[in-house]
Amino acid sequence: DYFDYDYNGFSVEFFHDQELAMDDISYRCLYKNDPIEREGLLYADDELRRYFSLPDQEPDAIIGVCDTKSKGIDYMVLPVMYQYGDDFYMVDCICSDNSDFGIQKERLSDIIVNHNMQQCEFESNAGGDRLAEDVAAMVKTKGGRCNITTKATETNKETRIIVNSDWVKKHVIFKDQSQYSRKSDYGVFMNFLTSYSVVGKNVHDDTCDALANFALFVTKSLYRRKTKIIVSPI
């Protein structure tokens, strides 16, 4: 708004058009004063697998992992993954910094029920146990049948993100950029993911951490881990 003058100024429409026309990193560096070092990107956009439509069959499983929000600028992140063989399609997600726990619980329970999610693991740190219990109760009330578990994250976050990135690049498939808006939860998720740098400071690492935890969740087997079961689908 500071540059929206009647004459010789930049309009809101101008910035909107530039945002749509440019890649996200270039736009942020040039117009948002948010420089990002391309060389250090962990998830460069051209390394990601993308899809326009899902396979024409029922998924083998529908899985989620929730990185809970603690305080401050943290984001609550829950990617919804449809499994087809060794591939996992991220069909939806929550990526929100809303601090209202009531809204958080509603959104979490809704996305689990709406996608008929079968398995979801919550990070138990920073009150995640209680959040998982409340969400499990709401899912049951709404008619969902999801096995919700919790697990504490004890390893170094940065190391966890980096060592699991190769698995994510090989096995997780994201929507094509034309299939979501930049301001949607999916768009924010992808923005954080593709701007994570291994050489600079990262303000938002929640999406990368959620994918790292998802990788660990899958590779260490869905049912052989020592987890606290909140609600059973039976």
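Trainee: Is Tyr 89 buried or exposed?

Mentor: Buried means under 20% relative accessible area, exposed over 50%, and partly exposed in between, with a 1.4 Å probe and protein chains only. Tyr 89 has a relative accessible area of 12%, so this residue is buried. Before going on: this is a predicted model, in which local features need pLDDT of at least 70 and side-chain atom pairs count only at pLDDT 80 or more, while totals for chains, interfaces and linings use all residues. Residues are numbered from 1 along each chain as its sequence is written, and side-chain values use heavy atoms, with hydrogens and water left out.

Trainee: How many aromatic pairs are there?

Mentor: Rings of Phe, Tyr and Trp (its six-membered ring) pair if their centres lie within 6.5 Å; planes under 30 degrees apart count as stacked, over 60 as edge-to-face and the rest as tilted. The count by this rule is seven aromatic pairs. In one of them, the ring centres of Tyr 51 and Tyr 89 are 5.0 Å apart and the planes stand at 70°, so the pair is edge-to-face.

Trainee: Which strands hold Tyr 51 and Tyr 89?

Mentor: Helices (H or I, at least four residues) and strands (E, at least two) are DSSP runs, numbered from the N terminus. Tyr 51 is in strand β1 (residues 49–51) and Tyr 89 in strand β4, so the pair ties together parts that are 38 residues apart in sequence. Tyr 51 is buried as well, with a relative accessible area of 9%. Tyr 84 and Tyr 89 also pair edge-to-face, at 5.3 Å centre to centre with 80° between the planes. Tyr 84 counts as buried at 10% relative accessibility.

Trainee: Which residues of the largest nonpolar core touch the most other members?

Mentor: A nonpolar core is a set of buried Ala, Val, Leu, Ile, Met, Phe, Trp, Tyr and Cys residues joined through side-chain atoms within 4.5 Å. The largest one here has 34 residues, and those touching the most other members are Phe 174, Phe 189, Met 190, Leu 193 and Phe 214. At least two residues each come from β2 (61–66), β3 (76–84), β4 (87–96), α5 (157–171), β7 (172–175), α6 (185–193) and α7 (206–219). Helix α7 gives the largest share, eight residues. Apart from this core lies another, of 26 residues, including Met 76, Leu 78, Cys 120 and Leu 131.

Trainee: Which residues is Phe 214 in contact with, beyond its neighbours within four places in sequence?

Mentor: Contact means heavy atoms within 4.5 Å. With those neighbours left aside, Phe 214 contacts Ile 63, Val 65, Met 81, Phe 88, Trp 167 and Val 172.

Trainee: At what angle do α5 and α7 pack?

Mentor: Two packed helices are described by the angle between their axes and the distance between the axes. Axes are lines fitted to C-alpha atoms, for helices over the stretch in contact, and angles run from 0 to 180 degrees between N-to-C directions. For α5 and α7 the angle is about 65°, with the axes 8 Å apart. Their crossing is left-handed (the near helix is turned anticlockwise from the far one by less than a right angle; clockwise would be right-handed).

Trainee: Which residues of α5 meet α7?

Mentor: On the α5 side they are Lys 157, Arg 160, Ile 161, Asn 164, Trp 167 and Val 168. Among their partners in α7 are Asp 209, Leu 211, Phe 214 and Val 218. By class, this contact of α5 with α7 has 10 nonpolar, three polar and three charged residues (Ala, Val, Leu, Ile, Met, Phe, Trp, Tyr, Cys and Pro count as nonpolar, Asp, Glu, Lys and Arg as charged, and the others, Gly among them, as polar).

Trainee: Is Asp 209 buried or exposed?

Mentor: Asp 209, in helix α7, counts as buried at 1% relative accessibility. Neighbours within four places in sequence aside, Asp 209 is in contact with Asp 67, Lys 157, Arg 160 and Ile 161.

Trainee: How far apart in space are Val 77 and Leu 211?

Mentor: The two are 9.5 Å apart, C-alpha to C-alpha, and 134 residues apart in sequence. Val 77 lies in strand β3 and is buried, with a relative accessible area of 0%.

Trainee: Where does Asn 116 lie?

Mentor: Asn 116 is in the loop between α3 (101–114) and β5 (119–123). Asn 116 has a phi near 50°, a positive value in a residue other than glycine. With a relative accessible area of 57%, Asn 116 is exposed.
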